[in-house]
Amino acid sequence: MTDLIAIEMRKITKAFGDTVANDSIDFSVREGEIHVLLGENGAGKTTLMNILFGHIQPDDGVILIDGDEVEVSAPNEAIAHGIGMVHQHFSLVPSFTVAENVMLGVASATNPSFDEDSFEQAVAKRAAELHMPIDPGATVAVLPIDLQQRVEIIKAMYRGAKTLILDEPTSLLGPTQIENLLGILVQLRDQGHSIILVTHKLAEVMEVADRVTVLRRGKLVTSLASGGFDERTLARAMTGHDREQLPERSETIGGPVLDITDLVVPAAHGDGLAVDGLSLTVRSGEILGIAGVEGNGQRELVDALMGLVTPQSGTVLIDGTDVTNADPHDRRTAGMGVIPEDRHRLGLILDMTLAENLAVTELASGGYRRRGVIDWKRVHENAKRLLAEYDVRPADPDAKGANLSGGNQQKVVLAREMAREPRVLVADNPTWGLDVGAIDYVHLKLLEMRDRGGAVLLITLDLEELYKLSDRILVVYRGKKMLEGQRHQIDDDDLALAMVGRSTGQEVVNGLP
């Protein structure tokens, strides 16, 4: 890292109506450094990066590149100034090859003399220079998620990016993939590139950050160099207070609540099986955490448990009641609650009010009715109580779900599902996209449910969350159980090997005392 400033943003201000997203923020990144941008949801990180990449325009402030003031009014201008961005949701064409995706929109690709072989040779050469080897002729749709991300990075670097912005790049990756990505970022930094990393995972910050800038409620809180911060310091800077202390691990574990035996679920797309003969048990007073790289049957397992798809074979029991082929309503009656990964598509109805969202499942089963008429007064009273109890902001029963931040939307889903006191809760990536304060809150609520004797099936891609919450861990690969055991029995190496389908050198154990 040098002392030369590659990019400087001075007094950046941006308001949306009465909400000030960025309030006179100063931010810079040096040549050859990894600069991490931290902050809770709504802190202004995304707005600041969208201004730098030209997606939106600031109300005030200037951007300097290599000391010269520039205007960045669109992404193509950012690219022309040597700025690339890899978004959390990739912008690749699945049916195109790696080379075609990288060359898409590049001027030379429109030259009639520039044939497909030339595409692939040029892309292979650039990938090798970046120490990111990849088959340029491979179709993107068949690539694992980490290689798709690699294509996005190569695409940005091929266009001449000297500064690379990455937004939550590890959210869908397994441990080995995360390690590989962080290694790639360090290599790019060592080659002289500047990296801006937006993440909420403090462990990653500690591993690779040369500097960290923290935003809170649109304002710059602090900017610290490596050696001047730890996880507690950063968490406090982000939230304004110390992190919640989680309760001690429960020692009271009862009998089976959720029993899954030899479950087989077809793949949603194409041939084959997404869940292939999976068996597991979750007992009263415990959290079973399921680990696996994205796309190894987790989503289909949750869909089958929710009643959205019908298993090909196998059984699902809740407290001994067979719900294998039951509809979602009957599963809820049997004692199942679900926090879905996609809170927008499956968790909430965004155009409905919070009161309606909190009551929707009870209304569907005839609840809140008096002589066949919905008692809206009771609906609102219940909503007020839950919104206050779960600290939803704003605590307005008439507010629309679409108007809440991601963290507050998740609190509404939690309030609805947990207020019923289900016997078993299926929590599918329950903190995905949330900031550190909201993450702590969700974790606390899951542990409170466990300690009341509930059973929690936790599906998560976040390994820190997996180890923090789980009493037992089960690893799936291509829909099959690769490894299972008590949390303390499974170390990082065993977990990483199992997640990529390799033997850990030990037998799969059920982890039951």
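**Side chains, covered and paired**

Reply: Val-309 is partly exposed, because its relative accessible area of 33% falls between the limits for buried (under 20%) and exposed (over 50%), with a 1.4 Å probe and protein chains only. The model is a predicted one, in which local features need pLDDT of at least 70 and side-chain atom pairs count only at pLDDT 80 or more, while totals for chains, interfaces and linings use all residues. Residues are numbered from 1 along each chain as its sequence is written, and side-chain values use heavy atoms, with hydrogens and water left out.

Val-309 is found in the loop that runs between helix H9 (298–306) and strand S14 (313–318), where helices (H or I, at least four residues) and strands (E, at least two) are DSSP runs numbered from the N terminus. Together with Leu-308 and Leu-346, Val-309 forms a nonpolar surface patch of about 210 Å² of accessible area.

Gln-149, in helix H5 (residues 145–158), is by contrast buried, with a relative accessible area of 4%. Beyond its neighbours within four places in sequence, Gln-149 is in contact (heavy atoms within 4.5 Å) with Phe-90, Pro-169, Leu-173 and Leu-181.

Turning to the charged pairs, a salt bridge is taken as a side-chain nitrogen of Lys or Arg within 4 Å of a carboxyl oxygen of Asp or Glu, and that rule gives 28 of them. One of them joins the side chains of Asp-23 and Lys-219, at 2.5 Å from N to O; since Asp-23 belongs to strand S2 and Lys-219 to strand S10 (residues 219–225), this pair ties together parts that are 196 residues apart in sequence. Asp-23, at 30% relative accessibility, is partly exposed, and so is Lys-219, at 45%.

The side chains of Glu-33 and Arg-211 also meet in a salt bridge, at 2.7 Å from N to O. This pair links the loop between S2 and strand S3 (34–38), where Glu-33 lies, to strand S9 (residues 211–216), which holds Arg-211, 178 residues apart. Here Glu-33 is buried at 0% relative accessible area, and Arg-211 is buried at 9%.

A further salt bridge, between Glu-286 and Arg-472, has an N to O distance of 2.7 Å. Because Glu-286 lies in strand S13 (residues 286–291) and Arg-472 in strand S21 (residues 472–477), the pair connects parts 186 residues apart in sequence. Both Glu-286 and Arg-472 are buried, and they belong to a network of salt bridges that also links Arg-283, Lys-481 and Glu-484.

Note on methods
Patches are made of residues with over 30% relative accessible area and no salt bridge: like charges are joined within 9 Å, nonpolar side chains (Val, Leu, Ile, Met, Phe, Trp, Tyr) within 5 Å. Accessible areas come from the Shrake-Rupley method with a 1.4 Å probe; for residues, only the protein chains shown count as cover.
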